[in-house]
Amino acid sequence: MASRAVIARRIFGRGGLGVAGARAMSTGWWGGVEPAAKDPILGVTEAFLADPSPNKVNVGVGAYRDDDGKPVVLECVREAERRISGNLNMEYLPMGGSIRMIEETLKLAYGENSELIKDKRIAAVQALSGTGACRLFADFQKRFLPDSQIYIPVPTWSNHHNIWRDAHVPQRTFHYYHPESKGLDFAGLMDDVKNAPNGSFFLLHACAHNPTGVDPSEEQWREISYQFKVKNHFAFFDMAYQGFASGDPERDAKAIRIFLEDGHLIGCAQSYAKNMGLYGQRVGCLSVLCEDEMQAVAVKSQLQQIARPMYSNPPVHGALIVSIILNDPDLKNLWLKEVKGMADRIIGMRTALRENLESLGSSLSWEHITNQIGMFCYSGLTPEQVDHLTNEFHIYMTRNGRISMAGVTTGNVGYLANAIHEVTKSS
Ligand code: PLA
(Lines give C-alpha, C1' and ligand atoms only; values in the text may rest on other atoms or scores of the structure.)
Protein backbone atom coordinates (compact mmCIF):
# COMPACT_ATOMS: atom_id res chain seq x y z
CA MET A 1 0.00 0.00 0.00
CA ALA A 2 1.24 3.49 -0.82
CA SER A 3 2.06 5.66 2.18
CA ARG A 4 0.12 8.90 2.85
CA ALA A 5 3.22 10.87 1.75
CA VAL A 6 3.35 8.97 -1.53
CA ILE A 7 -0.36 9.52 -2.12
CA ALA A 8 0.07 13.19 -1.29
CA ARG A 9 2.93 13.44 -3.83
CA ARG A 10 0.77 11.77 -6.45
CA ILE A 11 -2.01 14.26 -5.84
CA PHE A 12 -0.02 17.39 -5.19
CA GLY A 13 3.22 16.79 -7.21
CA ARG A 14 6.90 16.58 -6.14
CA GLY A 15 6.68 19.44 -3.68
CA GLY A 16 4.06 17.43 -1.82
CA LEU A 17 1.73 19.39 0.42
CA GLY A 18 4.08 21.85 2.07
CA VAL A 19 4.02 22.27 5.85
CA ALA A 20 0.44 23.50 6.19
CA GLY A 21 -0.84 20.87 3.82
CA ALA A 22 1.06 18.10 5.61
CA ARG A 23 -0.43 19.15 8.92
CA ALA A 24 -3.92 19.15 7.44
CA MET A 25 -3.31 15.74 5.91
CA SER A 26 -2.08 14.26 9.17
CA THR A 27 -5.39 15.06 10.88
CA GLY A 28 -7.54 14.83 7.77
CA TRP A 29 -8.67 18.11 6.23
CA TRP A 30 -11.76 18.35 8.32
CA GLY A 31 -10.58 16.58 11.44
CA GLY A 32 -11.56 19.57 13.56
CA VAL A 33 -15.15 19.65 12.32
CA GLU A 34 -17.68 18.47 14.86
CA PRO A 35 -21.21 17.53 13.77
CA ALA A 36 -23.55 20.53 13.98
CA ALA A 37 -26.42 20.57 16.43
CA LYS A 38 -29.70 19.46 14.87
CA ASP A 39 -31.95 22.31 13.78
CA PRO A 40 -34.79 22.57 16.33
CA ILE A 41 -37.41 22.76 13.55
CA LEU A 42 -36.06 21.05 10.44
CA GLY A 43 -34.43 18.36 12.63
CA VAL A 44 -37.97 17.34 13.67
CA THR A 45 -38.83 16.60 10.03
CA GLU A 46 -35.67 14.46 9.72
CA ALA A 47 -36.65 12.44 12.80
CA PHE A 48 -40.24 12.07 11.54
CA LEU A 49 -39.08 10.76 8.16
CA ALA A 50 -36.82 8.21 9.83
CA ASP A 51 -39.68 6.78 11.98
CA PRO A 52 -41.23 3.65 10.38
CA SER A 53 -44.40 3.78 12.54
CA PRO A 54 -47.65 3.86 10.51
CA ASN A 55 -49.26 6.05 13.21
CA LYS A 56 -46.69 8.84 13.05
CA VAL A 57 -47.87 12.45 12.96
CA ASN A 58 -45.76 15.47 11.99
CA VAL A 59 -46.84 18.74 13.55
CA GLY A 60 -43.30 20.15 13.55
CA VAL A 61 -42.50 22.33 10.58
CA GLY A 62 -45.05 24.96 9.53
CA ALA A 63 -46.02 23.45 6.21
CA TYR A 64 -49.71 23.42 5.26
CA ARG A 65 -51.40 20.08 4.63
CA ASP A 66 -54.91 19.38 3.37
CA ASP A 67 -57.38 17.43 5.48
CA ASP A 68 -55.90 14.19 4.14
CA GLY A 69 -52.48 15.25 5.42
CA LYS A 70 -51.17 15.84 1.87
CA PRO A 71 -49.01 18.81 0.77
CA VAL A 72 -51.00 21.34 -1.27
CA VAL A 73 -50.25 23.08 -4.55
CA LEU A 74 -52.75 25.94 -4.80
CA GLU A 75 -55.05 26.03 -7.86
CA CYS A 76 -53.86 29.55 -8.69
CA VAL A 77 -50.28 28.24 -8.74
CA ARG A 78 -51.24 25.32 -10.98
CA GLU A 79 -52.87 27.74 -13.41
CA ALA A 80 -49.83 30.04 -13.37
CA GLU A 81 -47.62 27.03 -14.09
CA ARG A 82 -49.82 26.10 -17.05
CA ARG A 83 -49.35 29.60 -18.42
CA ILE A 84 -45.59 29.47 -17.92
CA SER A 85 -45.23 26.04 -19.48
CA GLY A 86 -43.44 26.16 -22.82
CA ASN A 87 -42.81 29.90 -22.64
CA LEU A 88 -40.31 29.94 -19.87
CA ASN A 89 -37.30 32.09 -20.43
CA MET A 90 -34.72 30.73 -18.05
CA GLU A 91 -32.23 33.53 -18.29
CA TYR A 92 -30.89 35.30 -15.22
CA LEU A 93 -33.08 37.75 -13.41
CA PRO A 94 -31.40 41.08 -12.56
CA MET A 95 -29.43 41.05 -9.28
CA GLY A 96 -32.42 42.62 -7.51
CA GLY A 97 -34.86 40.06 -8.95
CA SER A 98 -38.15 40.37 -10.84
CA ILE A 99 -39.42 43.96 -10.99
CA ARG A 100 -42.99 42.80 -11.71
CA MET A 101 -43.01 40.45 -8.76
CA ILE A 102 -41.58 43.10 -6.45
CA GLU A 103 -44.15 45.72 -7.52
CA GLU A 104 -47.05 43.46 -6.62
CA THR A 105 -45.39 42.23 -3.44
CA LEU A 106 -44.90 45.78 -2.15
CA LYS A 107 -48.61 46.49 -2.66
CA LEU A 108 -49.45 43.62 -0.32
CA ALA A 109 -47.37 45.10 2.49
CA TYR A 110 -47.60 48.86 1.88
CA GLY A 111 -51.10 49.04 0.33
CA GLU A 112 -52.53 48.87 -3.18
CA ASN A 113 -52.49 52.67 -3.59
CA SER A 114 -49.52 53.49 -1.43
CA GLU A 115 -48.00 56.93 -2.03
CA LEU A 116 -44.70 55.51 -0.85
CA ILE A 117 -44.67 53.11 -3.79
CA LYS A 118 -45.67 55.88 -6.24
CA ASP A 119 -42.94 58.13 -4.85
CA LYS A 120 -40.42 55.30 -5.31
CA ARG A 121 -39.29 55.59 -1.72
CA ILE A 122 -38.98 51.84 -1.15
CA ALA A 123 -35.73 50.02 -1.87
CA ALA A 124 -36.83 46.46 -2.61
CA VAL A 125 -35.16 43.32 -3.90
CA GLN A 126 -36.38 39.80 -4.48
CA ALA A 127 -35.00 37.56 -1.76
CA LEU A 128 -34.55 33.85 -1.15
CA SER A 129 -37.88 33.65 0.64
CA GLY A 130 -38.38 35.10 4.11
CA THR A 131 -35.14 33.69 5.51
CA GLY A 132 -33.11 35.25 2.71
CA ALA A 133 -34.87 38.58 3.19
CA CYS A 134 -34.04 38.62 6.90
CA ARG A 135 -30.44 37.62 6.23
CA LEU A 136 -29.95 40.26 3.54
CA PHE A 137 -31.28 42.89 5.90
CA ALA A 138 -29.06 41.70 8.77
CA ASP A 139 -25.99 41.89 6.51
CA PHE A 140 -27.03 45.35 5.30
CA GLN A 141 -27.54 46.49 8.90
CA LYS A 142 -24.07 45.24 9.85
CA ARG A 143 -22.41 46.83 6.82
CA PHE A 144 -23.87 50.30 7.22
CA LEU A 145 -24.54 50.53 10.96
CA PRO A 146 -21.82 48.24 12.33
CA ASP A 147 -22.36 49.28 15.94
CA SER A 148 -26.09 48.60 15.95
CA GLN A 149 -27.84 45.70 17.71
CA ILE A 150 -31.14 43.92 17.16
CA TYR A 151 -33.88 43.40 19.76
CA ILE A 152 -35.61 40.05 19.25
CA PRO A 153 -38.83 38.91 20.99
CA VAL A 154 -38.87 36.07 23.53
CA PRO A 155 -39.70 33.64 22.17
CA THR A 156 -39.25 33.88 18.42
CA TRP A 157 -38.66 31.71 15.35
CA SER A 158 -35.41 29.96 16.28
CA ASN A 159 -33.69 30.86 13.02
CA HIS A 160 -33.89 34.59 13.76
CA HIS A 161 -31.09 34.07 16.28
CA ASN A 162 -28.94 32.22 13.74
CA ILE A 163 -29.51 34.84 11.07
CA TRP A 164 -28.41 37.86 13.09
CA ARG A 165 -25.61 35.81 14.72
CA ASP A 166 -24.14 34.90 11.34
CA ALA A 167 -24.43 38.53 10.25
CA HIS A 168 -22.43 39.45 13.39
CA VAL A 169 -25.11 41.77 14.73
CA PRO A 170 -25.28 41.61 18.55
CA GLN A 171 -28.66 40.49 19.87
CA ARG A 172 -30.77 41.72 22.75
CA THR A 173 -34.19 40.41 23.66
CA PHE A 174 -37.51 41.97 24.60
CA HIS A 175 -40.45 40.56 26.54
CA TYR A 176 -43.28 39.30 24.38
CA TYR A 177 -45.10 36.25 25.73
CA HIS A 178 -46.54 35.74 29.17
CA PRO A 179 -46.41 31.99 30.00
CA GLU A 180 -49.04 32.17 32.80
CA SER A 181 -51.67 34.05 30.82
CA LYS A 182 -50.54 32.39 27.57
CA GLY A 183 -51.01 35.84 26.05
CA LEU A 184 -49.02 38.96 25.25
CA ASP A 185 -46.78 40.46 27.92
CA PHE A 186 -47.69 43.95 26.78
CA ALA A 187 -46.39 45.73 29.89
CA GLY A 188 -43.04 43.92 29.65
CA LEU A 189 -42.81 44.65 25.94
CA MET A 190 -43.51 48.37 26.40
CA ASP A 191 -40.96 48.62 29.24
CA ASP A 192 -38.29 47.06 27.06
CA VAL A 193 -39.15 49.40 24.18
CA LYS A 194 -38.90 52.39 26.53
CA ASN A 195 -35.65 51.20 28.15
CA ALA A 196 -33.79 50.35 24.93
CA PRO A 197 -31.31 53.02 23.81
CA ASN A 198 -32.83 55.54 21.41
CA GLY A 199 -32.62 54.45 17.79
CA SER A 200 -32.55 50.69 18.48
CA PHE A 201 -33.50 48.05 15.91
CA PHE A 202 -36.45 45.79 16.79
CA LEU A 203 -37.55 42.65 15.02
CA LEU A 204 -41.36 42.45 14.98
CA HIS A 205 -43.54 39.66 13.60
CA ALA A 206 -46.06 41.50 11.41
CA CYS A 207 -48.81 38.95 12.11
CA ALA A 208 -49.36 35.38 13.32
CA HIS A 209 -46.36 35.41 15.66
CA ASN A 210 -44.25 32.26 15.47
CA PRO A 211 -44.22 30.26 17.72
CA THR A 212 -46.82 31.74 20.10
CA GLY A 213 -49.79 32.56 17.86
CA VAL A 214 -50.20 35.71 19.95
CA ASP A 215 -50.34 39.12 18.24
CA PRO A 216 -50.82 42.59 19.77
CA SER A 217 -54.30 44.05 19.23
CA GLU A 218 -54.71 46.98 16.85
CA GLU A 219 -54.80 49.34 19.81
CA GLN A 220 -51.62 47.83 21.23
CA TRP A 221 -49.87 48.14 17.87
CA ARG A 222 -50.79 51.84 17.89
CA GLU A 223 -49.20 52.24 21.30
CA ILE A 224 -46.10 50.33 20.22
CA SER A 225 -45.79 52.48 17.10
CA TYR A 226 -46.21 55.66 19.17
CA GLN A 227 -43.48 54.58 21.58
CA PHE A 228 -41.17 53.66 18.69
CA LYS A 229 -41.68 57.20 17.42
CA VAL A 230 -40.82 58.69 20.80
CA LYS A 231 -37.67 56.55 21.00
CA ASN A 232 -36.80 56.81 17.31
CA HIS A 233 -36.54 53.00 17.07
CA PHE A 234 -36.40 51.14 13.77
CA ALA A 235 -39.01 48.44 13.16
CA PHE A 236 -38.05 45.49 11.01
CA PHE A 237 -41.16 43.45 10.21
CA ASP A 238 -40.86 39.78 9.41
CA MET A 239 -44.09 38.96 7.57
CA ALA A 240 -43.93 35.23 6.87
CA TYR A 241 -47.66 34.52 7.36
CA GLN A 242 -49.60 37.30 5.65
CA GLY A 243 -53.13 35.92 5.28
CA PHE A 244 -52.75 33.17 7.87
CA ALA A 245 -53.77 35.29 10.87
CA SER A 246 -57.19 36.51 9.70
CA GLY A 247 -57.58 34.74 6.36
CA ASP A 248 -57.19 38.12 4.62
CA PRO A 249 -53.73 39.42 3.59
CA GLU A 250 -54.99 43.01 3.66
CA ARG A 251 -56.12 42.77 7.28
CA ASP A 252 -52.92 41.01 8.26
CA ALA A 253 -50.89 44.01 7.06
CA LYS A 254 -52.54 46.22 9.70
CA ALA A 255 -49.51 46.49 12.00
CA ILE A 256 -47.32 47.64 9.12
CA ARG A 257 -49.95 50.14 7.95
CA ILE A 258 -50.15 51.63 11.44
CA PHE A 259 -46.38 52.16 11.46
CA LEU A 260 -46.58 53.72 7.99
CA GLU A 261 -49.39 56.09 9.05
CA ASP A 262 -47.15 57.21 11.89
CA GLY A 263 -44.37 58.03 9.46
CA HIS A 264 -41.86 55.33 10.41
CA LEU A 265 -39.13 54.25 8.03
CA ILE A 266 -39.49 50.48 8.29
CA GLY A 267 -37.88 47.38 6.86
CA CYS A 268 -39.91 44.34 5.82
CA ALA A 269 -39.28 40.70 4.94
CA GLN A 270 -42.05 39.03 2.91
CA SER A 271 -42.37 35.38 2.03
CA TYR A 272 -44.63 33.43 -0.33
CA ALA A 273 -43.66 30.11 1.27
CA LYS A 274 -46.80 29.74 3.33
CA ASN A 275 -49.45 32.00 1.83
CA MET A 276 -48.86 30.81 -1.75
CA GLY A 277 -47.54 27.39 -0.75
CA LEU A 278 -44.28 28.11 -2.62
CA TYR A 279 -42.06 26.76 0.17
CA GLY A 280 -39.29 25.21 -1.90
CA GLN A 281 -39.38 27.84 -4.64
CA ARG A 282 -37.74 30.30 -2.23
CA VAL A 283 -39.55 33.44 -3.29
CA GLY A 284 -39.78 36.52 -1.13
CA CYS A 285 -38.89 40.17 -0.92
CA LEU A 286 -36.87 42.51 1.27
CA SER A 287 -37.91 46.15 1.35
CA VAL A 288 -36.45 49.14 3.14
CA LEU A 289 -38.51 52.34 3.23
CA CYS A 290 -36.29 55.38 2.62
CA GLU A 291 -36.58 59.15 2.97
CA ASP A 292 -36.72 59.77 -0.77
CA GLU A 293 -36.18 58.17 -4.15
CA MET A 294 -32.47 58.99 -4.26
CA GLN A 295 -31.86 57.22 -0.96
CA ALA A 296 -33.94 54.25 -2.12
CA VAL A 297 -31.83 53.92 -5.29
CA ALA A 298 -28.66 53.92 -3.21
CA VAL A 299 -29.99 51.40 -0.68
CA LYS A 300 -31.24 49.07 -3.41
CA SER A 301 -27.88 49.16 -5.16
CA GLN A 302 -26.16 48.18 -1.93
CA LEU A 303 -28.60 45.33 -1.26
CA GLN A 304 -27.85 44.04 -4.73
CA GLN A 305 -24.16 44.29 -4.06
CA ILE A 306 -24.56 42.14 -0.95
CA ALA A 307 -26.50 39.56 -2.98
CA ARG A 308 -24.05 39.41 -5.92
CA PRO A 309 -21.17 37.51 -4.26
CA MET A 310 -23.56 35.30 -2.26
CA TYR A 311 -25.93 33.98 -4.92
CA SER A 312 -25.63 36.53 -7.75
CA ASN A 313 -29.34 36.74 -8.50
CA PRO A 314 -32.48 35.04 -7.20
CA PRO A 315 -34.36 32.12 -8.80
CA VAL A 316 -36.73 32.92 -11.64
CA HIS A 317 -39.48 30.30 -11.55
CA GLY A 318 -41.24 31.17 -8.30
CA ALA A 319 -41.06 34.88 -9.09
CA LEU A 320 -42.81 34.21 -12.40
CA ILE A 321 -45.58 32.27 -10.66
CA VAL A 322 -46.17 35.11 -8.20
CA SER A 323 -46.14 37.79 -10.94
CA ILE A 324 -48.66 35.89 -13.05
CA ILE A 325 -51.04 35.37 -10.12
CA LEU A 326 -50.90 38.88 -8.72
CA ASN A 327 -51.07 40.62 -12.12
CA ASP A 328 -54.25 38.79 -13.14
CA PRO A 329 -57.35 39.93 -11.19
CA ASP A 330 -59.09 36.56 -11.55
CA LEU A 331 -56.07 34.59 -10.40
CA LYS A 332 -55.49 37.02 -7.56
CA ASN A 333 -59.07 36.52 -6.38
CA LEU A 334 -58.63 32.78 -6.58
CA TRP A 335 -55.46 33.12 -4.48
CA LEU A 336 -57.29 35.19 -1.85
CA LYS A 337 -60.00 32.55 -1.67
CA GLU A 338 -57.45 29.79 -1.30
CA VAL A 339 -55.54 31.63 1.45
CA LYS A 340 -58.81 32.03 3.32
CA GLY A 341 -59.53 28.34 2.81
CA MET A 342 -56.20 27.38 4.39
CA ALA A 343 -56.68 29.76 7.33
CA ASP A 344 -60.24 28.48 7.89
CA ARG A 345 -59.20 24.83 7.90
CA ILE A 346 -56.60 25.63 10.56
CA ILE A 347 -59.18 27.50 12.66
CA GLY A 348 -61.49 24.48 12.39
CA MET A 349 -58.70 22.21 13.62
CA ARG A 350 -58.06 24.49 16.61
CA THR A 351 -61.68 24.03 17.64
CA ALA A 352 -61.53 20.29 17.02
CA LEU A 353 -58.34 19.82 19.05
CA ARG A 354 -59.70 21.82 21.97
CA GLU A 355 -63.07 20.02 21.92
CA ASN A 356 -61.38 16.64 21.76
CA LEU A 357 -59.20 17.45 24.78
CA GLU A 358 -62.18 18.76 26.74
CA SER A 359 -64.33 15.76 25.92
CA LEU A 360 -61.55 13.45 27.18
CA GLY A 361 -62.10 15.10 30.54
CA SER A 362 -58.82 17.03 30.67
CA SER A 363 -58.83 19.22 33.75
CA LEU A 364 -56.40 21.67 32.17
CA SER A 365 -57.54 24.76 30.29
CA TRP A 366 -57.13 24.50 26.51
CA GLU A 367 -58.73 27.85 25.74
CA HIS A 368 -55.46 29.18 24.34
CA ILE A 369 -55.66 26.73 21.43
CA THR A 370 -58.58 28.68 20.01
CA ASN A 371 -57.42 32.11 21.23
CA GLN A 372 -54.11 31.87 19.41
CA ILE A 373 -53.97 32.61 15.70
CA GLY A 374 -51.97 31.72 12.61
CA MET A 375 -50.26 28.45 11.88
CA PHE A 376 -49.10 27.47 15.34
CA CYS A 377 -50.46 26.56 18.73
CA TYR A 378 -48.04 27.25 21.56
CA SER A 379 -49.43 24.46 23.64
CA GLY A 380 -47.61 24.88 26.94
CA LEU A 381 -46.34 21.28 26.75
CA THR A 382 -42.93 20.92 28.41
CA PRO A 383 -39.89 19.52 26.53
CA GLU A 384 -40.27 16.29 28.56
CA GLN A 385 -43.93 15.97 27.60
CA VAL A 386 -42.99 16.53 23.95
CA ASP A 387 -40.34 13.78 24.23
CA HIS A 388 -42.99 11.52 25.71
CA LEU A 389 -45.35 12.27 22.80
CA THR A 390 -42.62 11.46 20.32
CA ASN A 391 -41.28 8.33 22.00
CA GLU A 392 -44.62 6.76 22.92
CA PHE A 393 -47.01 8.11 20.32
CA HIS A 394 -44.76 8.94 17.33
CA ILE A 395 -46.00 12.54 17.37
CA TYR A 396 -43.33 14.96 16.20
CA MET A 397 -43.21 18.62 17.25
CA THR A 398 -40.58 21.14 18.34
CA ARG A 399 -39.47 20.76 21.95
CA ASN A 400 -40.84 24.19 22.88
CA GLY A 401 -44.32 22.63 22.67
CA ARG A 402 -45.25 24.32 19.39
CA ILE A 403 -47.88 22.41 17.40
CA SER A 404 -48.12 23.22 13.71
CA MET A 405 -51.90 23.31 13.35
CA ALA A 406 -51.34 23.10 9.59
CA GLY A 407 -50.47 19.43 10.08
CA VAL A 408 -53.58 18.58 12.13
CA THR A 409 -56.38 16.84 10.21
CA THR A 410 -59.80 15.34 10.86
CA GLY A 411 -58.03 11.98 10.66
CA ASN A 412 -55.33 12.62 13.27
CA VAL A 413 -56.88 15.17 15.66
CA GLY A 414 -58.45 12.52 17.90
CA TYR A 415 -55.18 10.59 18.15
CA LEU A 416 -53.27 13.81 18.86
CA ALA A 417 -55.73 14.94 21.56
CA ASN A 418 -55.68 11.55 23.22
CA ALA A 419 -51.87 11.49 23.31
CA ILE A 420 -51.70 15.05 24.69
CA HIS A 421 -54.22 14.07 27.34
CA GLU A 422 -52.15 11.02 28.28
CA VAL A 423 -48.93 13.01 28.76
CA THR A 424 -50.57 15.91 30.63
CA LYS A 425 -53.21 14.29 32.81
CA SER A 426 -50.94 13.86 35.80
CA SER A 427 -49.64 17.45 35.65
N1 PLA B 1 -39.93 34.04 9.46
C2 PLA B 1 -40.70 33.31 10.27
C3 PLA B 1 -41.29 33.95 11.47
C4 PLA B 1 -40.93 31.95 9.97
O5 PLA B 1 -41.70 31.25 10.79
C6 PLA B 1 -40.35 31.37 8.84
C7 PLA B 1 -40.55 29.92 8.50
C8 PLA B 1 -39.58 32.21 8.02
C9 PLA B 1 -39.38 33.53 8.36
C10 PLA B 1 -38.89 31.75 6.78
O11 PLA B 1 -39.62 31.13 5.86
P12 PLA B 1 -39.13 31.01 4.36
O13 PLA B 1 -37.67 31.30 4.33
O14 PLA B 1 -39.42 29.61 3.99
O15 PLA B 1 -39.93 32.02 3.63
N16 PLA B 1 -40.78 29.03 9.56
C17 PLA B 1 -41.10 27.61 9.36
C18 PLA B 1 -40.04 26.87 8.59
C19 PLA B 1 -42.40 27.48 8.60
C20 PLA B 1 -38.62 27.02 9.04
O21 PLA B 1 -38.32 26.92 10.23
O22 PLA B 1 -37.79 27.26 8.16
C23 PLA B 1 -41.29 27.00 10.76
O24 PLA B 1 -41.66 25.83 10.85
O25 PLA B 1 -41.12 27.73 11.75
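Biologist: What makes up the contact of helix 5 with helix 14?

Modeller: This is a predicted model, and in it R100, M101, E104, T105 and L108 of helix 5 meet A319, V322, S323, L326 and N327 of helix 14. By class, those residues divide into 5 nonpolar, 3 polar and 2 charged.

Biologist: Why is helix 5 called oblique to helix 14?

Modeller: Look at the angle: helix 5 (residues 99–110) and helix 14 (residues 317–327) pack at about 60°, with their axes 8 Å apart. Roughly parallel would need an angle under 35 degrees, and roughly perpendicular starts at 65. That is why helix 5 is oblique to helix 14. As for handedness, helix 5 passes helix 14 in a left-handed crossing.

Biologist: And what makes helix 5 and helix 12 roughly perpendicular to each other?

Modeller: Here the packing angle is about 80°, with the axes of helix 5 and helix 12 (residues 254–261) 8 Å apart. The perpendicular class runs from 65 to 115 degrees, and therefore helix 5 and helix 12 count as roughly perpendicular. On the helix 5 side you will find K107, L108, A109 and Y110, which meet I256, R257 and L260 in helix 12. The contact of helix 5 with helix 12 has 5 nonpolar residues, no polar ones and 2 charged.

Biologist: How would you class the angle between helix 15 and helix 18?

Modeller: Helix 15 (residues 329–359) and helix 18 (residues 413–424) pack at about 45°, their axes 9 Å apart. With 35 degrees as the limit for roughly parallel and 65 as the start of roughly perpendicular, helix 15 and helix 18 are therefore oblique to each other. Helix 15 passes helix 18 in a right-handed crossing. M349, A352, L353, N356 and L357 of helix 15 make the contact with V413, G414, L416, A417, I420 and H421 of helix 18. The classes in the contact of helix 15 with helix 18 are 8 nonpolar, 3 polar and no charged residues.

Biologist: Let's turn to the rings. How many aromatic pairs does the structure hold?

Modeller: The structure holds 17 aromatic pairs. One of them joins F137 and F140, with 6.5 Å centre to centre and 50° between the planes.

Biologist: What is the F137 and F140 pair called, given its planes?

Modeller: Tilted. Stacked would need planes under 30 degrees apart, and edge-to-face over 60; the F137 and F140 planes are at 50°. F137 and F140 are separated by about one helical turn, because they are 3 residues apart in helix 7 (residues 129–144). Both F137 and F140 are buried.

Biologist: Why is the W164 and F236 pair called edge-to-face?

Modeller: The ring centres of W164 and F236 are 5.9 Å apart and the planes stand at 70°. Edge-to-face asks for over 60 degrees, so the W164 and F236 pair is edge-to-face. W164 lies in helix 8 (residues 158–166) and F236 in strand 8 (residues 234–239), so this pair ties together parts that are 72 residues apart in sequence.

Biologist: How do you know whether W164 and F236 are buried or exposed?

Modeller: Buried means under 20% relative accessible area. W164 has 0% and so counts as buried, and F236 is buried with 0% too. Ring pairs also link W164 and F236 into a cluster with F137, F140, F144, F201 and F234.

Biologist: What about H209: buried or exposed?

Modeller: H209 has a relative accessible area of 1%, so H209 is buried. H209 lies in the loop between strand 7 (201–205) and helix 10 (218–231). Leaving aside neighbours within four places in sequence, H209 is in contact with P153, P155, T156, Y176, V214 and D215.

Biologist: Which kind of peptide bond runs from V154 to P155?

Modeller: A cis bond, with omega near -5°. P155 sits in the loop between strand 3 (150–154) and helix 8. The peptide bond from N210 to P211 is cis as well, with omega near 15°.

Conventions:
Residues are numbered from 1 along each chain as its sequence is written. This is a predicted model: local features need pLDDT of at least 70, side-chain atom pairs count only at pLDDT 80 or more; totals for chains, interfaces and linings use all residues. Side-chain values use heavy atoms; hydrogens and water are left out. Axes are lines fitted to C-alpha atoms, for helices over the stretch in contact, and angles run from 0 to 180 degrees between N-to-C directions. Helices (H or I, at least four residues) and strands (E, at least two) are DSSP runs, numbered from the N terminus. Angles under 35 degrees count as roughly parallel, over 145 as roughly antiparallel, 65 to 115 as roughly perpendicular and the rest as oblique. A crossing is left-handed if the near helix is turned anticlockwise from the far one by less than a right angle, and right-handed if clockwise. Contact means heavy atoms within 4.5 Å. Ala, Val, Leu, Ile, Met, Phe, Trp, Tyr, Cys and Pro count as nonpolar, Asp, Glu, Lys and Arg as charged, and the others, Gly among them, as polar. Rings of Phe, Tyr and Trp (its six-membered ring) pair if their centres lie within 6.5 Å; planes under 30 degrees apart count as stacked, over 60 as edge-to-face and the rest as tilted. Buried means under 20% relative accessible area, exposed over 50%, partly exposed in between (1.4 Å probe, protein chains only).
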